[in-house]
Amino acid sequence: MQPTTFGMGSDSLAQFGGLGSTLLYVGAVLAINGLGRLTGIDPRAQAIVNIFAGAVGVCNGFSGLIFGGFDSYAYGGNFYACATGLLFAFTYLLIAYNNLMGITDGRVLGWYQGFVACNAVACGILSWVIDGDFVYAIIWWLWALLWLTGWIELVAKKNLGKFVGVLGIFEGVCTAWIPGFMMLRGVWRFAW
């Protein structure tokens, strides 16, 4: 029986590839949303990328939850990882929905992002303390910061300007695309 880890830092999950494939799409959507913010791309045009990223996350998350229920280590076997991955997926689906529907009151999305930011802080703590993985802890806290910007802008109504776009591009490349690609190739190390 393999040990359970809390920071998504398990070898079984790295071999599963679900996290790597999800992060690859998360990297793309974060960078594109950031570029869209900086260059004024029509949010409706960005919606399709958010739908794709959300769909990959939903498929990977629910597949892991369903198949993991038969054997706790089959198909990644990490319910925590699958559930936290769905936090990302639902974020992108909510963004796509708001953009396609032209919703101007984004407070529901903002409150959801605040909820996810709190979870991401806790995930970072668990990655550090339980898994001993300071790299993944920092990644979780960077994600928490990005989700917090959504709460600040949509609920607290404070415009953070270009900072959010730059942060989105940085996080898309450094916390999602590169780690995701490395996981898919089997060269990402958990617990640095």
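Mentor: Let us begin with the cysteines, keeping in mind that this is a predicted model: a search through the whole structure finds zero disulfides.

Trainee: How do you know that the length of helix 2 agrees with what a helix should span?

Mentor: Helix 2 has 22 residues, and at 1.5 Å a residue it should span 32 Å; its end C-alpha atoms lie 31 Å apart, so the two values agree. After helix 2 comes G40, which has a positive phi, near 75 degrees.

Trainee: Which residues have the most contacts inside the largest nonpolar core?

Mentor: They are L23, F88, Y92, Y136, W140, W143 and W147, in a core of 29 residues. Helices 2, 4, 5, 6 and 7 each give two or more residues to this core, and the largest share, seven residues, comes from helix 6. As for L23, leaving aside residues up to four places away in sequence, it touches Y136, W143, T175, A176, W177, G180 and M183.

Trainee: Why is the pair of Y136 and W143 called edge-to-face?

Mentor: Rings pair if their centres lie within 6.5 Å, and planes over 60 degrees apart count as edge-to-face. For Y136 and W143 the centres are 6.2 Å apart and the angle between the planes is 90 degrees, so the pair is edge-to-face. Both of these residues are buried, and ring pairs link F88, Y136, W140, W143 and W147 into a cluster.

Trainee: How many aromatic pairs are there in total, and what makes W111 and W151 one of them?

Mentor: The count comes to nine. W111 and W151 are 5.9 Å centre to centre, with 75 degrees between the planes, so they pass both cut-offs and form an edge-to-face pair. This pair links distant parts of the chain, with W111 in helix 5 and W151 in helix 6, 40 residues apart.

Trainee: Why do W111 and W151 get their accessibility labels?

Mentor: W111, at 52%, is exposed because its value is over 50%, whereas W151, at 26%, falls between the 20% and 50% cut-offs and therefore counts as partly exposed.

Terms used. Residues are numbered from 1 along each chain as its sequence is written. This is a predicted model: local features need pLDDT of at least 70, side-chain atom pairs count only at pLDDT 80 or more; totals for chains, interfaces and linings use all residues. Side-chain values use heavy atoms; hydrogens and water are left out. A nonpolar core is a set of buried Ala, Val, Leu, Ile, Met, Phe, Trp, Tyr and Cys residues joined through side-chain atoms within 4.5 Å. Buried means under 20% relative accessible area, exposed over 50%, partly exposed in between (1.4 Å probe, protein chains only). Helices (H or I, at least four residues) and strands (E, at least two) are DSSP runs, numbered from the N terminus. Contact means heavy atoms within 4.5 Å. The expected span of a helix is 1.5 Å times one less than its number of residues. A disulfide is a pair of cysteine sulfur atoms within 2.5 Å. Rings of Phe, Tyr and Trp (its six-membered ring) pair if their centres lie within 6.5 Å; planes under 30 degrees apart count as stacked, over 60 as edge-to-face and the rest as tilted.
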